[in-house]
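Please look at the structure below, and then work through the questions with care.

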Amino acid sequence: MSAKRVFIKGNEAIGQGALAAGCRCYFGYPITPQNDIPEMLSSAMPAAGGQFVQAESEVAAANMLLGAAACGVRAMTTSSSPGVSLMQEAISYMAGSELPGVIVNMNRGGPGLGDIGPSQGDYFQSVKGGGHGDYRTLTLAPATCQECYDLTFTAFELAYKYRNPVLILGDAIVGQMKEPVTPREPLPIDPAEGGDWKLTGRGERAPRLLKSLFLEDGALAGQNRLLQKKYEAMRAEVLYEDFETADADLVVVAYGSIGRIAKTAVRALRAEGLKIGLLRPITLYPFPEEALRALAAAGKRFLTIEHNLGQMVDDVRLAVRGLADSDFYGVFPGNLPTPDEFVEPIRAAAKGA
């Protein structure tokens with residue numbers, strides 16, 4: 001693909017970003033609202049010389065991702081909320097085995113089957129591990145179609161940098177909207193990538209073993225110490241958008257599509273003379289704790305807005321504890337928010353109501 005701008009959906013931008021990042025295996029199972037991704041990759045992936053497999057289930061797709069990752073192939077799976085729930089065992093195995101791969105969750109409404117509309121109800125599942133055991137997935141939250149493209153590109157780089165699954169958390173708004181996107185030049189596939197660990201057939205080299213089972217005395221504790229150091233190192237990858245926080249009395253904290261909608265409301269209130277700012281986390285794990293704490297130390301107050309019943313607000317409150325607190329405004333999944341809906345809650349929080 002050339003660097004000429006294209007007008008595409010967020011879902012399609014994720015597929016194009018994966019191809020540009022060198023992804024050559026895709027495994028998935030249909031579920032709304034992410035179906036545009038496998039639909040476009042079903043033809044684009046083979047055309048790029050890769051493999052596309054519609055698996056028999058989300059469980060199968062995630063385990064196929066594990067297998068491709070063990071061979072050092074850049075691979076991806078995508079789904080929406082209940083489908084990602086079915087993938088959690090395999091994702092935990094990948095984290096425990098230190099295998100890189102990219103998982104996309106275009107969050108839909110819940111709990112249960114819910115609906116096919118947008119929601120941010122999968123925040124806890126995404127940033128707290130989601131499956132069994134102590135592990136973390138580096139989690140990226142796009143708010144635009146360009147970020148869908150760019151963060152997918154970044155996700156593959158980070159997955160291989162840390163030998164860890166990386167999750168992209170979007171929703172039906174981000175996935176279904178269309179915007180101009182400027183593609184990057186595709187990455188050449190490096191045949192030496194993962195050369196010291198990937199399984200390629202033994203040949204003349206020493207044997208290799210990728211596993212998440214550690215039964216020897218002290219072995220699992222040692223593996224968990226190693227993983228914990230990795231998760232701490234991920235803090236260097238923190239990304240966030242800081243909008244008009246320098247002179248703000250109140251800082252709105254919101255991510256993904258809600259961060260984008262809230263930004264419009266912040267602009268409207270700024271035009272009225274209210275000193276409102278916005279901090280939009282782009283990495284949900286690692287979370288921008290230091291940025292929030294610095295704002296709290298400067299005397300700012302906070303309002304967290306989410307498309308759920310209250311999840312990220314816990315991390316905001318932990319980040320600013322001892323210095324400040326955060327109010328909360330939640331949009332119930334099943335409702336589609338607009339900037340106008342956020343104006344009054346923000347105004348009330350700014351006045352201390």
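Q: In this predicted model, which backbone oxygen does the side chain of R136 reach at 3.3 Å?
A: The model is predicted, so local features need pLDDT of at least 70 and side-chain atom pairs count only at pLDDT 80 or more, while totals for chains, interfaces and linings use all residues. Residues are numbered from 1 along each chain as its sequence is written, and side-chain values use heavy atoms, with hydrogens and water left out. At 3.3 Å, the side chain of R136 reaches the backbone oxygen of V127.

Q: Is R136 buried or exposed, or does it lie in between?
A: R136 is found in the loop between α6 (123–127) and β7 (138–140), where helices (H or I, at least four residues) and strands (E, at least two) are DSSP runs, numbered from the N terminus. Buried means under 20% relative accessible area and exposed over 50%, with partly exposed in between (1.4 Å probe, protein chains only). With a relative accessible area of 27%, R136 is therefore partly exposed.

Q: Which side chains make a polar contact with the side chain of D36?
A: D36 is placed in helix α2, which covers residues 36–47, and counts as buried at 15% relative accessibility. A polar contact is a pair of N or O atoms within 3.5 Å; within protein, one must be able to donate a hydrogen and the other to accept it, and residues adjacent in sequence count only if both atoms are side-chain atoms. The side chain of D36 makes such contacts with the side chains of K9, at 3.2 Å, and Q176, at 2.9 Å.

Q: At what angle do α1 and α2 pack?
A: Two packed helices are described by the angle between their axes and the distance between the axes. Axes are lines fitted to C-alpha atoms, for helices over the stretch in contact, and angles run from 0 to 180 degrees between N-to-C directions. The axes of α1 and α2 are 8 Å apart, and the helices pack at an angle of about 35°.

Q: How is the direction of α1 described in relation to α7?
A: Helix α1 (residues 10–20) and helix α7 (residues 145–162) have axes 7 Å apart and pack at an angle of about 30°. Angles under 35 degrees count as roughly parallel, over 145 as roughly antiparallel, 65 to 115 as roughly perpendicular and the rest as oblique. The angle therefore makes α1, in relation to α7, roughly parallel.
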